Amino acid sequence: MTTEHEALIVGAGGAGLWAALELARAGVDAAVLTKLYPTRSHTGAAQGGVCAALGNLEEDHWEWHMFDTIKGGDYLVDQDAAEVLAREAIETVIELEHMGLPFNRTPDGKIDQRRFGGHTRNYGEGPVRRACYAVDRTGHMILQTLYQQCIKLGVKFYDEYHVVDLLAEGGELGSGGRAAGVVAYRIADGELHAIRSKAVLLATGGFGRMFRITSNAWSLTGDGVALAYRHGIPMQDMEFYQFHPTGVVGLGILLSEAARGEGGTLLNDAGERFMERYAPTMMELAPRDMVSRAMYQEIRAGRGIGGKDWVHLDVRHLGRKVIEEKLADIAEFARVYQGVEPISEPVPVQPTAHYAMGGVPTDLQARVTRDERNTVVPGLYAAGECACVSVHGANRLGTNSLVDLLVFGRRAGRQMAADVRGTAMPAVDQDVADRVRSELEGIRAAAPGEQASRLKRELADVMMDNVGVYRDEALLLEARTRVGDLRERYRRVSVADKGRTFNTDLLEARELGYLLDCAETTVAAALARRESRGAHAREDYPARDDANFLCHSLAYRGEAGPSLRYKPVTITKFQPRPRVY
């Protein structure tokens, strides 16, 4: 079955919905394909806030936000992108407010703001109140608000359509071809649909499910990043994966940085507020990579709670009113998942795999690029966590994920609307879905072999243990071998469910292939980067090396595995200097 739309958006999180909104406002025939119901997209899991230098409670400026973003990313951030982020954050947050998002309010009716990790006043002097928030459900409110606006404007949604391939005209996307649409698998009945389009936006989120302990939903399997990779687009900066300090022990479910923004502290087994040793100025509000490493160092030194691999998050001193009014979801997660009452007990926490700084390379207009010269792939765009603009560099600051998807989702929609005007609909062959159909049917019809669930568990174990908060050459070499073995075993993957109706068994097997693509590029890029920068901490190379590694990695797919190339970081206003807090 073949149909067409002027523009297609893959993914219904914040980036995809805002892009759809801009296309609808421009009168473009656009559609959103999502493997979930839209309001179940992972943007809804973001809790603490969205940063914008509104200055509602104290002096603040977008230039300070820009600097914090660059310093937080350990100077791997493209500074022209950071300027766009910080400048346009202000207007996007105000526009969201005008759409009806129910932000918390100050007594005089302005949007309330709180502190968040790495966000400072006057270029690092101390914490600043910059995070605009709706209790601790900010992402959920953003998702609901944008979805309501899209429904009002009549945006077409293909709910529970799993995009399984990208279409191209005039050659592969990585070698001069133009994006021409997608192939989507309708989950309800297993039918494949080829949909032609002049423009395709990838807004598919991250790939945290390649780790054992993660805050990411089951659906975050790197679909968009891997599909672009399979068509010749490189993955950029895949060695940088953020671990959030405060995940529910054993599960990884996030306890938002909002708790520390409101004044929560981290305690070791002796009851010490140990961040004094690691970030004396910012304490618990240092960037996430630094806090996660500090926690690991306390645990290694035998100061984890009861000698175990976690520490305590303490919000008891904030009082019942603050906890119930500003940290309601965090408190409920502690009660439900840990049996802990945060009003009277400290909460056990440990680092959890949280956010991909790397992904599909793009320019400032969200257009996908394919090489170190930033050559644009016609008709292909990316925004949100699956994209690498690069606005987060080696480590993302808290709340900048929501800013990223709003600012660059909006930019993507506007650029797509401009680009489709006067552009002809691409031509695609009638048998365009045959290749991916053969791949899927090969898995469905395979004789009993490897179980996708078992391979996925083994992948998550090796990535967590060998490519986690700390890395070294021996661990990474072992990871490369084990991920390679898993890829070989994946060739024999089979499923028990041979049916077509809601065959999640088949789709999870397909998703495992995407995770393997993401894992092998992460390992390859981490092995090659012989320095420590941001979230990439090499114990055998503990220093940052600007002489050799102030550059972005580009991982290209090859028969023998990923090959790496590099491109320079854009530096405009702030020269690299030591990153201390």
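The buried residues of helix α2 pack against β3 (50–51), α3 (79–99), β4 (113–121), β5 (126–132) and α10 (400–420). The buried positions are Trp62, Trp64, His65, Met66, Phe67, Asp68, Thr69, Ile70, Lys71 and Gly72. Here, buried means under 20% relative accessible area, exposed means over 50%, and partly exposed lies in between, with a 1.4 Å probe and protein chains only. Helices (H or I, at least four residues) and strands (E, at least two) are DSSP runs, numbered from the N terminus. After α2 comes Asp74, whose phi is positive, near 55°.

The model is predicted: local features need pLDDT of at least 70, side-chain atom pairs count only at pLDDT 80 or more, and totals for chains, interfaces and linings use all residues. Residues are numbered from 1 along each chain as its sequence is written, and side-chain values use heavy atoms, with hydrogens and water left out.

The axes of helix α1 (residues 14–25) and α3 come within 14 Å and cross at roughly 75°. The two helices are therefore roughly perpendicular to each other. The side of α1 in this contact consists of Trp18, Leu21, Glu22 and Arg25, while α3 contributes Thr92, Glu95, Leu96 and Met99. By class, the residues of the contact are four nonpolar, one polar and three charged. Contact means heavy atoms within 4.5 Å. Axes are lines fitted to C-alpha atoms, for helices over the stretch in contact, with angles from 0 to 180 degrees between N-to-C directions. Angles under 35 degrees count as roughly parallel, over 145 as roughly antiparallel, 65 to 115 as roughly perpendicular and the rest as oblique. For the classes, Ala, Val, Leu, Ile, Met, Phe, Trp, Tyr, Cys and Pro count as nonpolar, Asp, Glu, Lys and Arg as charged, and the others, Gly among them, as polar.

Leu21 and Met99 are also touched by Gln149, not counting residues up to four places away in sequence. Gln149 lies in helix α4 (residues 138–152).

**Pocket and cavities**

The second largest pocket holds about 930 Å³ of space. Its lining has 27 residues, of which the closest to the centre are Arg487, Arg491, Asp517, Glu520 and Arg557. At least two lining residues come from each of α5 (223–230), α11 (434–445), α13 (473–490) and α14 (504–528). The lining comprises nine nonpolar, four polar and 14 charged residues.

The whole structure contains three cavities of 30 Å³ or more, and the largest cavity holds about 70 Å³. Of the 14 residues that line the largest cavity, Gly384, Ala387, Cys388, Val389 and Asp404 are the closest to its centre. The elements giving two or more residues to this lining are β18 (387–388) and α10. Nine of the lining residues are nonpolar, four are polar and one is charged.

On a 1 Å grid over the protein atoms alone, a cavity is a set of points where a 1.4 Å probe fits but cannot get out, and a pocket is an open set with protein on both sides within 12 Å along at least five of seven lines; lining residues have an atom within 4 Å of a point. Grid points are joined across faces, edges and corners, and a volume is the space filled by probe spheres set on the points.

**Individual residues**

The loop between β18 and α10 holds Ser390 and Thr399. The peptide bond from Val389 to Ser390 is cis, with omega near -5°. Thr399 has a positive phi of about 75° although it is not a glycine. Met283, likewise not a glycine, has a positive phi of about 55° and is placed in the loop between β12 (265–267) and α7 (288–300).

Asp314 lies in strand β13 (residues 311–314). Not counting residues up to four places away in sequence, Asp314 touches Gly264, Thr265 and Leu267. The C-alpha atoms of Asp314 and Ala188 are separated by 45 Å, and these residues are 126 residues apart along the chain.

| Residue | Relative accessibility |
|---|---|
| Gln149 | 12%, buried |
| Met283 | 13%, buried |
| Asp314 | 8%, buried |
| Thr399 | 3%, buried |
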